[in-house]
Amino acid sequence: MSRSAHPAGPRHADVFPEGHYSAPPADLNALDPKVWSRTVTRDERGVATVAGIGVDALAEEFGTPAYFLDESDFRARCRAWAEAFGTDADVFYAGKAFLSRAVVRWLHEEGLNLDVCSGGELVTALSAGMPPERIAFHGNNKSEDEIHRAVEAGVGRIVLDSFQEIVRVAHIARSLGKRQRVQIRVTVGVEAHTHEFIATAHEDQKFGIALAGGQAAEAVRRALRLDGLELIGIHSHIGSQIFDMAGFEVSARRVVQLLAEVRDEHGVELPEIDLGGGLGIAYTSEDDPREPHEIAKALNEIVSRECEAAGLRTPRISVEPGRAIVGPTAFTLYRVGTIKPLEGLRTYVSVDGGMSDNIRTALYDAEYSVSLVSRTSEAAPMLTRVVGKHCESGDIVVRDAFLPSDVAPGDLLAVPATGAYCRSMASNYNHALRPPVVAVRDGEARVIVRRETEEDLLRLDVG
């Protein structure tokens with residue numbers, strides 16, 4: 001079914017101003033499985049469905065904007081990562097991507113470990129029953145209270161991020177009569193091919209202790225001397241949304257070189273290395289992410305080769321996929337409010353959410369796909385900019401996208417691949433109410449994080 005087209009701007013790519021888009025897709029009604037979760041399809045009415053439930057019914061029951069998370073897909077991706085790396089490696093889900101107590105329970109049931117980077121993430125993990133020995137605690141500036149809580153709980157590892165933290169963790173562990181397992185996070189000087197704000201292994205940034213100038217080697221010396229610490233390995237993370245394995249190869253080589261130096265100086269072969277996460281997902285049809293088994297094979301080969309060359313036993317590998325698991329499993333559902341054609345430029349399509357539920361476009365210039373999901377349309381493609389309702393010109397959800405030229409107020413649009421860093425970075429800007437997260441599985445939907453209410457906002461305002 002379709003509607004009559006409203007007046008719109010130009011519709012052909014060769015007359016559009018320079019931007020992030022390519023030519024319009026051959027079929028605007030198609031839902032590319034590369035960017036949508038595995039149970040998403042269209043029904044006989046042309047309405048998009050997830051796990052057998054139409055988005056029109058979901059919007060009616062849960063409202064918009066809302067995040068809908070495909071639980072079966074999430075669990076399948078957990079299993080794929082666990083199976084790819086096997087029992088001789090550890091897979092830690094990076095909780096910063098998205099964390100809730102339901103997600104913690106799914107991780108536990110599917111056999112994954114969990115990486116947290118704040119006291120709030122830690123208490124969420126513990127309250128949902130994640131065994132503390134399967135938790136790793138990250139962060140570049142952990143407070144004494146956070147460290148105390150982590151050590152007292154018995155987390156499996158704390159990743160040390162500075163010289164001050166080495167002493168801080170050791171002191172707290174001794175005061176509790178414990179010996180805390182730790183890794184040292186090193187910056188290896190690798191320039192990951194990603195946005196400046198999510199590249200984390202070059203030397204001019206806040207994370208880790210640099211290999212350059214012998215700082216990482218000195219950190220190892222200090223950690224080995226302190227009774228409260230059990231140094232189990234080295235940690236490296238080079239960035240996020242990375243498709244090229246070349247950066248991991250350089251990183252692994254430099255980490256293994258440090259392991260060899262530790263052996264030569266201290267007579268100790270550290271048993272573990274953590275290569276972090278950061279593997280990319282498909283936000284658009286042009287993205288080409290690797291499968292977990294390909295990543296596992298590549299990383300194992302890299303580490304084995306470098307260790308053999310250095311005469312080291314191959315250490316146990318850890319990885320930390322977050323986005324790669326949860327990112328593709330969710331989409332955000334919006335309702336169209338207003339439409340503004342700008343002759344010779346594009347058409348602005350405003351939805352009932354925006355930068356309060358997805359800051360990534362404004363923050364990283366992130367690219368997304370978007371589809372009309374409440375119906376199909378045979379109307380000609382129209383270049384649009386999907387924007388939110390906030391008082392910022394940078395309040396952009398999808399910078400450049402083709403939608404049918406008959407898109408109209410009341411239509412439902414969905415942005416796929418929003419499982420990672422959207423709800424976890426959501427805000428109350430303009431006193432917006434953060435959307436709910438709804439898990440959908442086998443024809444049933446349930447709220448796992450409820451929508452905020454005006455009462456929630458006022459409850460915190462003690463004025």
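**Helix packing, strand pairing and backbone geometry**

Helices H4 and H5 pack with their axes 10 Å apart and at an angle of about 25°; axes here are lines fitted to C-alpha atoms, for helices over the stretch in contact, and angles run from 0 to 180 degrees between N-to-C directions. H4 and H5 are therefore roughly parallel to each other, given that angles under 35 degrees count as roughly parallel, over 145 as roughly antiparallel, 65 to 115 as roughly perpendicular and the rest as oblique. The contact involves Gly-119, Leu-122, Val-123 and Leu-126 of H4, together with Glu-146, Arg-149, Ala-150 and Ala-153 of H5, where contact means heavy atoms within 4.5 Å. The crossing of H4 and H5 is left-handed; that term applies if the near helix is turned anticlockwise from the far one by less than a right angle, and right-handed applies if clockwise.

The model is predicted: local features need pLDDT of at least 70, side-chain atom pairs count only at pLDDT 80 or more, and totals for chains, interfaces and linings use all residues. Residues are numbered from 1 along each chain as its sequence is written, and side-chain values use heavy atoms, with hydrogens and water left out. Helices (H or I, at least four residues) and strands (E, at least two) are DSSP runs, numbered from the N terminus.

Which residues of helix H4 (residues 119-127) are buried? They are Gly-119, Glu-121, Leu-122 and Ala-125, buried meaning under 20% relative accessible area, exposed over 50%, and partly exposed in between (1.4 Å probe, protein chains only). These residues lie on the same side of H4 because they cover an arc of only 160° around the axis, the arc being that of the directions from the helix axis to the C-beta atoms. Among the elements that cover them are helix H3 (101-110), strand E6 (113-116), strand E7 (135-137) and helix H5 (144-153). After H4 comes Gly-129, with a positive phi near 95°.

H5 also meets helix H6 (residues 163-175): their axes come within 10 Å and cross at roughly 50°. H5 and H6 are therefore oblique to each other. Glu-144, Ile-147, His-148 and Val-151 of H5 make the contact with Glu-165, Arg-168, Val-169, Ile-172 and Ala-173 of H6. The crossing of H5 and H6 is right-handed.

Attention now turns to the strands. E1, E2 and E3 form an open sheet in the order E1-E2-E3, with antiparallel pairing; two strands pair if DSSP finds at least two bridges between them. Strand E1 (40-42) and strand E3 (53-54) are the edge strands, each pairing on one side only. Strand E2 (residues 48-50) is joined to E3 by two bridges, and Thr-49 stands opposite Gly-54 in E3.

Strand E18 (residues 396-404) has eight of its nine residues buried, so it is largely enclosed by the rest of the structure. It runs antiparallel to strand E17 (residues 381-387), to which six bridges join it. Val-386 has Val-398 in E18 as its bridge partner.

In strand E19 (residues 412-416), five of the five residues are buried. In a regular strand the side chains alternate between the two faces of the sheet. Both faces of E19 are covered, with Leu-412, Ala-414 and Pro-416 buried on one side and Leu-413 and Val-415 on the other. Strand E14 (residues 330-342) pairs with E19 in the antiparallel sense over five bridges, and Arg-335 has Leu-412 as its bridge partner. Strand E16 (residues 371-372) also runs antiparallel to E19, through two bridges, with Leu-372 opposite Leu-413.

Most residues other than glycine have a negative phi, and most peptide bonds are trans. The loop between E19 and strand E20 (437-441) contains Ala-417, whose phi is positive, near 60°. Is Ala-417 buried or exposed? Ala-417 is buried, with a relative accessible area of 1%. His-431 is found in the loop between E19 and E20, and its phi is positive, near 55°. His-431 is exposed, with a relative accessible area of 60%. Elsewhere, a cis peptide bond joins Thr-64 and Pro-65, with omega about -10°; Pro-65 is found in the loop between helix H1 (55-62) and strand E4 (66-70).
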